[in-house]
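Here is a friendly set of notes to read alongside the model. Keep the 3D view open and follow each point in turn.

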Amino acid sequence: MLTVHHLNNSRSQRIVWLCEELGIDYRLVKHQRHPETQRSPESLNQVHPLGKAPTIEHAGQTLVESEAIIEYLCQVCGGGRLSRTPASAEYGAYLQWLAYAEGTLFPGLLVDLVYAWTGGGNAALMGFFDVEIEKNHRYIETVLAQRDHLLASGFSAADVNLGWALEFSECRGRLKDFPALRAYLARLRGRDAYRRAIERGGPQDLSVFSAGAAT
């Protein structure tokens, strides 16, 4: 059976959500962040040398990296559901959006968090990332102002990947000027599978990462 290692208040919530969307059987192993440092526990290091979440175990393999896990689950465990095939006219767009959440959007948000947690530092560097964060949000806003999901054909695993990144962005106070992104998040949170994932994975509280959180 598929085993999903889930760290509370982390991007692994999207993997629990995807499993619920795909309707596949899985065993969920929960790990808890250190309450003060927010670091992952030793139990995750025992699963994989990187100690990362999400991590899955399946068919004798232990896999990390959200994008790889998402596509693996769609193709191997989900019969291709919520993915797009090379024959699809949207295959290129699907791959782009699947990679976009972690490859382009999230790095700037992480720098934003670390900058705040370390009490600042290189203001010029953060100024660069502020521009990039704004540009990225404006780009997605333009797309989602025209349709309900990233692809014209409807909901896909790419929406799952982007959804959590936008939840993180929301907690950092970055969505106030983007009504289409806020509406998109509301649609994602309204999905039955999303609600089941929260029930099974546990409530998600990203307030520790918020713009006003104490460090």
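**Notes on the pocket and the helix contacts**

1. Start with the largest pocket: 26 residues line it, and those nearest its centre are Leu-7, Arg-11, Arg-33, Gln-38 and Arg-39. (On a 1 Å grid over the protein atoms alone, a pocket is an open set of points where a 1.4 Å probe fits, with protein on both sides within 12 Å along at least five of seven lines; lining residues have an atom within 4 Å of a point.) This is a predicted model, where local features need pLDDT of at least 70 and side-chain atom pairs count only at pLDDT 80 or more, while totals for chains, interfaces and linings use all residues. Residues are numbered from 1 along each chain as its sequence is written, and side-chain values use heavy atoms, leaving out hydrogens and water.

2. The elements giving two or more residues to that lining are helix H4 (91-117) and helix H6 (157-171). H4 gives the most, with 6 residues. (Helices are DSSP runs of H or I, at least four residues, numbered from the N terminus.) The space in the largest pocket is about 690 Å³, counted as the space filled by probe spheres set on the grid points.

3. Now follow H6 to helix H7 (residues 179-189): their axes come within 10 Å and cross at roughly 120°. (Axes are lines fitted to C-alpha atoms over the stretch in contact, and angles run from 0 to 180 degrees between N-to-C directions.) That angle makes H6 oblique to H7. (Under 35 degrees counts as roughly parallel, over 145 as roughly antiparallel, 65 to 115 as roughly perpendicular, and the rest as oblique.)

4. Which residues meet here? From H6 come Asp-159, Leu-162, Gly-163, Leu-166, Glu-167 and Glu-170, and from H7 come Leu-181, Tyr-184, Leu-185, Leu-188 and Arg-189.

5. Look next at the loop between H6 and H7, where you will find Arg-174. Leaving aside residues up to four places away in sequence, Arg-174 touches Leu-109, Asp-112, Met-126, Asp-130, Ile-133, His-137 and Ser-169. (Contact means heavy atoms within 4.5 Å.) Arg-174 and Ile-24 are 150 residues apart along the chain, and their C-alpha atoms are separated by 34 Å.

6. Finally, compare another pair: the axes of helix H1 (residues 13-22) and helix H8 (residues 192-201) come within 8 Å and cross at roughly 125°. H1 is therefore oblique to H8. Among the residues making this contact are Trp-17 of H1 and Tyr-194 of H8.
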